[in-house]
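Hi everyone, thanks for coming.

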Amino acid sequence: MNTRALRSWKTTGRIGAALLLAIPALHRMSAGEAAGAFTVPPPVDAVMESHCFSCHDEDSQKGDIRLDQFHALPLAGRLDLLNKVQEQLFLKAMPPAKKKQPSPADRDLLAGWVSAELKKHQASKLEDKLRYPAYGNYVDHATLFSGEITDAPYSPARRWLVSPQIFEERVKDVFSLEGRDRQRSFPGVTNPFLLPDQSGVRDYDNAMLNGGHLLVMLPNAEWISSKQLRAARVKKGEIKADEFPNANDRWAPRETPAAFEAVILKNGVPSDEELIDAIQTQFGLVLGRKAQSDEIKRYLELTRSSLEVAGNTEGLRQMLVSVLLESEFLYRLELGDGEADPDGRKRLSPLEAARAISYALGDRGPDAALRQAAAAGKLITKEDFRREVERLLADETYCAGPVDPGISGKNMQSHVTSHPKLVRFFREFFGYPMAAKVFKDIERSDGYYQNPERGTLGTPGFLIEEADQIVDWYLQRDQAVFENLLTTGEFFVYHDKDNETGRKIIAEWTEAYNKLKDTDWKANPEKVIAENRAFIQSKKSLRILGGHEKREFLRHMYFFGETIGKGRTPFTTVSFAHGYTYNHSIFYNLPPTPGVFRYGEIENRNFKGLDDVEFWDYPVEQPFALPHRKGILTHPAWLIAHSSNFHTDPVKRGRWIREKLLAGRVPDVPITVDAQVPEDPHKTFRERVENVTQKAECWKCHQHMNPLGFPLEVFDDFGRYRLDEPLEYPEHLISKATKKNGADVFQTKAVSSLGELLGTGDPDLDGEVKDPFELIDRLAKSTRVRQSIIRHAFRFFMGRNELLSDSQTLIAADQAYVHSGGSFKAVVVSLLTSDSFRYRKPTS
Amino acid sequence: MNKRMTTRRNFLRASLLSAGGMALPGTIPGLFANPANGTPMRFIFMHRGNGLFPKVMVPPSLSQQDKAREEKKEPFEVDLEAHDLPDWMAPLQAHKDHLTILQGLSGKMCTTGHHSWCSSLGVFKANERPSSIKRATVDFELAKLYPSPMEHIELACFPTDGGNARGSLDGVAMGFSARGAQQPNYAFGSPKGAVEELYQSVSSNKEDQIKYQLERKVMAFASENQARLAAGLSGIEQTKITHYADSIDALRERNRKIEAMGDVLRQHVPQLDPKYLADNLSTLDRQRAHAEVLLSALISGLTNVVAFTVDELGHHYTGIPGIENEKVNMHDVGHNKTIAGVEAEEVRKRCRHHHMTLVDTIVTRLKGIPEGSGTMFDNTMLFYFPDSGETHHSQGWEYPFVVMAGRNAKLDLGRRYLRLPYHGQEGHKTLGNWYTTLLNAYGNPIEHYGDFDLTLRLDQSGPIRRFLA
């Protein structure tokens with residue numbers, strides 16, 4: 001931080017900035033005194049005398065803290081105490097609000113001294129914490145968007161651990177796979193990376209390689225290198241073409257790179273030139289660059305000595321393994337290159353820039369055009385970046401793929417789109433994929449909820465995928481994206497086919513049902529099939545012929561009868577399809593669709609017909625309007641993700657709104673607090689939470705969460721809209737469940753949906769709200785909410801928390817959104833052409 | 001909040017306590033630990049697929065009254081001294097004094113059904129995706145308490161079909177234990193491969209020696225490479241590289257320790273019968289050979305904890321007595337299909353009997369190794385249990401255990417048949433309670449290990465105190 005930033009902080013009186021400063025005068029003073037006994041500089045001592053010692057001197061020692069004895073403490077104790085002071089000052093927790101407050105200058109003086117002392121020993125825990133996602137909002141929001149900060153933005157020069165998706169793509173690059181060949185997984189490669197489970201941006205640049213990664217990478221490198229050499233070994237006759245160490249693992253690239261093949265096929269010792277060629281080839285495949293002279297020297301030495309021990313093939317393979325174990329394979333390098341500008345910043349090198357752009361928009365490395373631009377020196381200016389970013393955003397194929405292959409299972413596939421990475425920002429921001437981590441009592445859902453199990457993410461998997469579809473729908477339209485995602489009344493439910501396909505299916509089914517309904521299909525299905533075989537065959541959506549024709553025909557007709565026959569549109573996938581598991585419509589308060597076993601008994605001699613159930617009148621055209629829903633915060637996936645095993649979680653839901661939409665801060669619950677909601681059979685969950693959090697020491701934090709979360713109590717922990725809450729205690733039991741996994745029926749109590757919005761900074765929006773829909777409408781109109789989403793987008797694309805010096809980048813991104821009518825792509829272009837994205841500055 | 005749920009405070013306390021007993025994330029714990037003071041305990045976790053019926057655990061000589069209790073799954077216990085063991089446990093007759101048959105533990109918080117993957121060792125729901133692993137499995141937690149050069153060794157008769165098939169029987173593949181959250185362990189499928197890997201440093205085979213030499217060379221090169229890179233950096237960027245470099249060095253240090261054990265290792269290289277080295281090893285021979293590897297690894301001090309997947313549902317059994325030439329699909333056995341004229345229950349029984357011969361081999365051998373004032377078995381506990389509960393399509397109602405415990409085991413188990421209160425009854429205990437007991441007994445003070453059973457309306461945290469007496 002330079003003096004301009006210091007000035008701006010002092011002007012606004014924000015003590016947080018002082019943490020990031022080393023005040024030279026104080027620093028010199030402390031350093032000078034380090035040679036002798038430790039002393040607190042008199043000006044600092046005077047501030048503490050005025051504002052701290054009344055509680056923290058020899059007489060009081062509140063909280064067992066003394067601040068008048070720094071000189072008597074050993075170094076470790078002193079640093080520990082300084083860290084405590086630093087955090088309290090940063091959070092403005094000290095002096096307490098009821099005490100006389102120091103002037104901004106005095107605060108800066110004290111905080112600056114503490115920071116400088118800690119910095120001397122690289123011992124600041126707070127500065128370390130501030131790099132983590134949970135501390136993103138600690139930089140003051142108003143200052144960030146005030147326009148006062150004019151510092152030149154940059155990102156620290158860094159190594160950013162590759163994401164799980166990027167790792168997979170990098171392995172494919174090692175094998176130079178293209179097209180359909182890239183759509184494979186490798187049985188011998190285990191992905192060493194997993195992003196943390198949390199609601200919010202997850203992929204930060206502060207993660208680092210460790211022993212766990214190494215243990216996974218060792219066998220990975222063995223497998224990859226063996227596959228790289230296999231074709232040449234077969235050619236040489238070292239192994240037979242049909243010889244595999246593992247019969248179930250027969251895949252290998254069709255060719256071994258020529259430079260490797262030359263070494264393997266050579267009878268005798270390869271020349272230096274041949275080995276260097278091989279080294280350069282592996283560097284290109286694995287690291288995407290040429291080896292430098294010192295690297296060539298070292299790798300040549302390794303390869304030579306390995307060749308001597310084990311011959312050409314195995315010797316060469318050790319070199320391949322060694323390159324695969326380079327940390328650079330697992331980190332994205334963004335170090336900057338060339339001369340530093342007057343602000344000490346360096347531009348990303350062309351290769352770094354190409355990769356940064358490519359990995360920001362997708363998981364693959366740079367495409368040919370981007371590589372070409374980098375090689376031709378056309379990846380330097382802001383306009384260069386804009387040209388490439390806009391080109392890739394317009395490209396429908398290069399980055400295309402599933403949003404999250406991890407949720408795909410035996411019954412459901414992840415939504416596929418042109419730019420999964422953009423969808424991933426919103427799914428991380430909203431945190432709805434966390435629904436898969438919350439296990440539920442299925443009986444409480446009346447047997448409809450399926451917890452994640454082997455091979456399927458169950459109900460939450462479907463709900464997450466449907467939320468992905470909404471996000472992508474509005475991303476594709478790219479207008480008022482934030483507002484639409486917050487307020488949309490239209491949703492995708494069971495939308496497993498596009499609208500046109502759905503229309504065709506319903507038309508065929510309706511025609512078939514109308515044609516056959518008056519035949520003797522129940523009594524003589526075989527006869528009806530025989531008489532109408534050509535007709536049935538002509539309808540592709542009728543999968544009746546070829547197998548158990550009678551059974552399939554009857555199933556179809558019963559299915560049509562209780563849907564089309566009753567004037568309802570059936571879901572376009574029949575419930576008796578193999579592996580059918582759609583049964584989550586009730587979590588949107590929609591009627592059910594027939595279950596997988598509904599037509600199982602129709603051929604049974606004792607079959608007496610089907611009970612009358614009012615099935616869902618399925619909307620083929622989607623998205624479609626759903627009552628009592630407004631945006632992602634009312635989507636069952638989000639509501640489940642922000643619930644507990646047995647209850648809603650108004651505190652968690654409120655906290656999410658405070659932190660993610662209002663850029664606010666809520667301290668973690670102190671470890672000494674037993675965060676339990678006491679049982680009370682006569683109260684709703686809201687009432688129980690209110691009771692336990694009303695004490696002053698609780699309300700201090702809960703005031704920032706409860707009033708925002710309470711309106712969402714009109715949705716239960718399965719995401720179902722409700723006006724009344726069942727009191728699930730034995731004394732309120734009305735009737736026991738009447739079916740397997742069914743829900744008991746309890747007496748209910750009305751749910752209050754009142755709440756209060758505070759913190760938008762806009763008096764027209766702040767105030768009491770009658771329900772979640774009013775709360776959401778107001779949030780969607782808030783400038784602060786829009787800017788808060790921009791801040792999170794910054795974190796997603798930059799892989800770090802924003803610094804004050806990123807102020808201009810954030811303001812530009814915000815303005816890009818506003819001036820484009822709410823285009824998220826405009827935000828992305830703005831961020832990826834910003835100085836924060838393009839410049840790097842070495843960390844101290 | 002319900003009593004059955006953990007509280008945040010308890011959770012945090014438990015986490016912190018447990019963290020105290022664990023290495024920092026990302027480190028390779030055993031490699032940094034000091035050698036254990038005194039004699040270490042050894043733990044052997046033998047688990048098998050396709051369920052283990054509670055009814056087959058019951059001594060046939062129970063009184064009518066106890067039989068009635070057993071039928072009703074009411075809690076009771078008897079001294080095994082006065083009772084016959086079930087036929088299939090006959091190989092344990094000589095070790096009856098050290099035997100406990102433990103019934104009534106439940107594991108409904110685990111993934112059940114056909115497979116449980118890491119569930120029954122980790123007490124959480126696991127679905128074959130590393131992301132579903134919530135914590136280090138109990139065997140790894142115990143391994144941290146008794147550090148050794150290899151920390152932990154896992155051997156497996158891998159499944160080759162079913163829902164969680166591995167690529168081959170002989171490879172090194174994801175095992176059934178976990179090193180930590182989201183960190184699956186890797187297991188040796190082939191006894192031959194395990195010997196080659198574990199005893200590579202003392203191998204007399206030229207090819208092995210070359211492989212060993214090359215691996216060491218690559219590790220040394222990688223270590224130098226990363227150290228050189230780190231030297232030019234500072235702050236967090238330096239830490240990002242040194243962390244990795246330190247991990248490489250830690251592995252090298254492990255190798256150095258193993259090399260330093262060369263003389264001991266040479267004495268204990270398993271001398272496997274040539275039939276155990278064949279490519280088409282029968283299942284029973286594979287199990288015997290794995291038992292030999294297990295013994296040599298424990299006796300030589302390479303590790304103090306071994307997890308042994310005796311079989312898994314998707315493993316196709318060969319070598320079952322009487323139907324040696326049949327390739328038995330254990331899924332069919334699970335569905336009571338008669339195999340070559342042998343009824344499914346009999347097939348199960350023959351397999352179990354064989355498993356008990358393995359236990360007999362292990363216990364007998366360890367009893368023959370002097371250690372301190374007694375034998376190595378005095379400092380050993382062995383657990384034989386199903387990975388997926390009470391039956392083929394299990395629901396986690398019961399996890400029967402055969403426990404063999406040496407005299408220095410810190411649990412009050414004894415020569416007993418012991419049925420704990422059934423699921424839902426007052427005093428019922430889960431796998432979480434059982435493993436908490438083990439961890440507490442051996443020095444990890446964790447308040448509760450594992451997830452809670454959402455269906456259980458009882459306070460279910462903590463150890464089984466009667467065993468800690």
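Let me start with a definition: helices (H or I, at least four residues) and strands (E, at least two) are DSSP runs, numbered from the N terminus. With that in hand, find B:R256, which sits in helix α8 (residues 235–260) of chain B.

Before we go on, a word on the labels. Residues are numbered from 1 along each chain as its sequence is written, while chains are lettered from A and ligands numbered from 1 in the order in which they are written. Please remember that this is a predicted model: local features need pLDDT of at least 70, side-chain atom pairs count only at pLDDT 80 or more, and totals for chains, interfaces and linings use all residues.

Back to B:R256. Is this residue buried, partly exposed or exposed? We call a residue buried if 20 or more other C-beta atoms lie within 10 Å of its own, exposed if 12 or fewer, and partly exposed in between, with C-beta atoms placed from the backbone. B:R256 has 14 C-beta neighbours inside 10 Å, so it counts as partly exposed.

Now the whole of chain B. It has 13 helices and 14 strands. Its radius of gyration is 22 Å, close to the 23 Å that the globule rule gives for 469 residues, so chain B is as compact as a globular protein of that length. The radius is taken over C-alpha atoms, and the rule is 2.2 Å times the number of residues to the power 0.38. Along the principal axes, the C-alpha trace of chain B spans about 75 × 55 × 45 Å. Of the 469 residues in chain B, 54% are buried.

What about contacts? Two residues are in contact if their C-beta atoms, placed from the backbone, lie within 7 Å. In chain B, 69% of the contacts with a separation of 6 or more are between residues 24 or more positions apart.

Let's look at some backbone angles. Most residues other than glycine have a negative phi, and most peptide bonds are trans. B:N50 has a phi near 70°, a positive value in a residue other than glycine. You will find B:N50 in the loop between β1 (42–48) and α3 (64–71) of chain B, and with 27 C-beta neighbours inside 10 Å it counts as buried. B:K73 also has a positive phi, of about 55°, although it is not a glycine. B:K73 lies in the loop between α3 and β2 (76–79) of chain B, and it is partly exposed, with 18 other C-beta atoms within 10 Å.

Over to chain A, which has 35 helices and 15 strands. The radius of gyration of chain A is 32 Å, close to the 28 Å that the globule rule gives for 844 residues, so chain A is as compact as a globular protein of that length. Its C-alpha atoms fill a box of roughly 105 × 85 × 50 Å along the principal axes. Of the 844 residues of chain A, 45% count as buried.

Chain A also comes in pieces. Its domain assignment, where bounds come from an automatic or database assignment, gives domain 1 (3–129), domain 2 (164–333), domain 3 (415–492 + 628–779) and domain 4 (499–622). The centres of domain 2 and domain 3 of chain A, taken over C-alpha atoms, are separated by 46 Å. Where these two domains of chain A touch, five residues of domain 2 are in contact with eight residues of domain 3.

Next, the strands. Two strands pair if DSSP finds at least two bridges between them. In chain A, β2 (residues 158–161) and β3 (residues 331–334) pair in the antiparallel sense over four bridges. Which residue of β3(A) is the bridge partner of A:R158? It is A:E334. From β2 of chain A, A:R158 and A:W160 point one way and A:R159 and A:L161 the other way, and all are buried.

One last stop: the peptide bond from A:Q622 to A:P623 is cis, with omega near 10°. A:P623 lies in the loop between α25 (549–561) and β8 (624–625) of chain A.
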